[in-house]
Structure formats: structure tokens, C-alpha cells
Amino acid sequence: MMGLSRHQRSEKPVLNMSKNFREDVLNLVKQIPRGKITTYGEIARELTGSVRAARAVGQAVARNPYPIQIPCHRVVRSNGDVGGYGLGVDTKIRLLREEGIELKGRKVVNFEETLFRFNEETLRFVTDRMLGKLSTWLRILGHDTIYAGDITSKKGAEDEDNALIAFAEHEARMILTRDKNLAALAKRKGVQCRYITTDEVMEQLKELYHHNISINRKPLAVRCSECNARIRKVEKGEEDMLREKSYVPTSMIGTWDFWICERCGRVYWEGSHWRGMRERLRQLK
Ligand SMILES: [Zn+2]
């Protein structure tokens, strides 16, 4: 299992528009399947834990350099109105209709059924500095997990505890910690928190399962275990990207499915590594 890399970048709540924010928004837009729509607010919530950034998401979508390839016509307003579009609202309506979306005027019919939600019902976490390995495993299992070392600079200080609690509250994340004091403080403040009693990562996962915290049981190819960003499938014609990575088994390019993290560049594939992880998870009772 690979440790946490020093190239990690945190997923701090971003309310102003940075280049990374725009890229993160557009990467999410790429995940909206044909025949579905999502809203500016859903994307904001997925990225920052709050719908407050919906406007910034709208601005990021408006600067989509590849409309069509990056299907930003599938992003609409939360009231069902199709909203704006770089190539004109009529084009947006036509594209949506071609994809099977039913519209009445500018409004999406059956909005709730057509709405695509990211990461639905998947628990999100923030882990303390003692739980780096557990963070990696939670990401492998598809859970959005922020590691304390990536969002705070102070180690072990009371300030850090308060910062973690505020962060968890703001982003509706559950805190996982080896620190009894932090757990007690979180409890007093009414923030979801679980005190982990063991040091070995498999034992830690077992604790979570035993406490009926709904953790996925199988690895999911959705999240980068190193930096927590979402990963995407490497498409046909992009294989050169894989050959640049010395650790990728070149003989399997074109045979296996590969995924890439667009934030840190890490490539993943279904191989002995994942089978090993699945086996270890199966042994957890
Ligand atoms: Zn990454």
C-alpha cells in the first residue's frame, strides 16, 4: 500500500475562483451521464460541502473551453430552469432533448428523477494526523477523506483540534481520530466524530464496520488514494499519457482499464494490487 505522498494538495473550501477550482468543476461536469442533469448547487456541494459556491460554479462552467466534450449543457438551475449556455440557450435545450431530457419550455420535467447527484449517501471524513493510512484506505473504498495534515499547519495543538472541528462542521464530515481529547471536544460541540482505539489500519477499518458506520466494502475506482481528488477513466487515444509513467505495466496498455487522477497525475489500474486489497477486505469480519 502506498503511503501518503508529499505532493498532496488539500481540498479546502474554495469560494473564490482559482484555476484548480475551475478544473475540479469541469472534471465533475464530465461525470454527469447522458440523460441526466445536475445543478450548479450540486456541484458546489460536492466540491466544497456547501451550496454557497453555486455562483462560482456557474462562472467556472461558463468558461468551459470544450462545450460538448465537457457536457456543461447538463448543468441547470436548482429550480429546473435550464439556465445559461455559452452556445445559446436554444442549443442547450436542443442538446438536452437529443439526450432524452424532457423539457417544457425552459424547464426540466421530472426534475427529481432526472437529477444526477454526486457521491450520494457516501460518508465523507476528515482524519487526524495519526490516521494517514486509514485515509488512504477510505479513499480506495470511495470515501471522500481529508487528512488533517493537508488542511492545518499546526501539529497536536489545541488550535488544530478546533480547526478540524470547524472544518468537519462546515463540510458535514465525520471526524475520525486517535485522540480522546479531540473526540470529547467534538462531541461537546455536536460534531460527528468517532474515536479509533487501535493502531493497525485493518483493525481500524474493522472498528468502523463494527460500529455500523456505513463504509463501502469494496474498492471503487472513483477517488485518488493519494490526493482525494476524483479519478477518471483513461479514454482510447490517451494511451501516451500512460507510457509516460514508469510504473505503469506497458504490456497491459490497451488491455486493462486505467484511471488517472487529473490533480496529481497518479494512474490506477485493475491488477494484482487491487485483488490483494479486495482479499484483505474480505478477511475482515
Ligand atoms: Zn491524485
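**Figure 1. Contact of helix α1 with helix α3 in the predicted model.** Phe 21, Arg 22, Val 25, Leu 26 and Val 29 of α1 meet Ala 56, Val 57, Ala 60 and Val 61 of α3. Sorted by type, the residues of this contact are eight nonpolar, no polar and one charged. Two packed helices are described by the angle between their axes and the distance between the axes. Here helix α1 covers residues 19–29 and helix α3 covers residues 54–62; the two pack at an angle of about 80°, and their axes are 9 Å apart. Because angles of 65 to 115 degrees count as roughly perpendicular, α1 is described as roughly perpendicular to α3.

**Figure 2. Pairing of strand β7 with strands β5 and β8.** Strand β5 (residues 125–127) pairs with strand β7 (residues 174–177) in the parallel sense, over three bridges. Thr 127 has Leu 176 in β7 as its bridge partner. Strand β7 is also joined to strand β8 (residues 193–195) by three bridges, and these two strands run parallel. Across this second pairing, Ile 175 stands opposite Cys 193 in β8.

**Figure 3. The open sheet with strand order β9-β10-β11.** This sheet has three strands, and their pairing is antiparallel. Its edge strands are β9 (231–233) and β11 (267–269), each of which pairs on one side only. From one strand to the next, the twist averages 30°. Strand β10 spans residues 258–261 and is joined to β9 by three bridges, with the two strands running antiparallel. Lys 233 stands opposite Trp 259 in β10.

**Figure 4. Domain 1 and domain 2 of the protein chain.** The chain is divided into domain 1 (19–114), domain 2 (125–210) and domain 3 (231–282). Taken over C-alpha atoms, the centres of domain 1 and domain 2 are separated by 33 Å.

**Figure 5. The protein chain and its secondary structure.** The secondary structure comes to 12 helices and 11 strands. The radius of gyration of the chain is 20 Å, close to the 19 Å given by the globule rule for 285 residues, so the chain is as compact as a globular protein of that length. Along the principal axes, the C-alpha atoms fill a box of roughly 60 × 50 × 35 Å.

Terms used
Residues are numbered from 1 along each chain as its sequence is written. This is a predicted model: local features need pLDDT of at least 70, side-chain atom pairs count only at pLDDT 80 or more; totals for chains, interfaces and linings use all residues. Two strands pair if DSSP finds at least two bridges between them. Helices (H or I, at least four residues) and strands (E, at least two) are DSSP runs, numbered from the N terminus. Axes are lines fitted to C-alpha atoms, for helices over the stretch in contact, and angles run from 0 to 180 degrees between N-to-C directions. Angles under 35 degrees count as roughly parallel, over 145 as roughly antiparallel, 65 to 115 as roughly perpendicular and the rest as oblique. Two residues are in contact if their C-beta atoms, placed from the backbone, lie within 7 Å. Ala, Val, Leu, Ile, Met, Phe, Trp, Tyr, Cys and Pro count as nonpolar, Asp, Glu, Lys and Arg as charged, and the others, Gly among them, as polar. Domain bounds come from an automatic or database domain assignment. The radius of gyration is taken over C-alpha atoms; the globule rule is 2.2 Å times the number of residues to the power 0.38.
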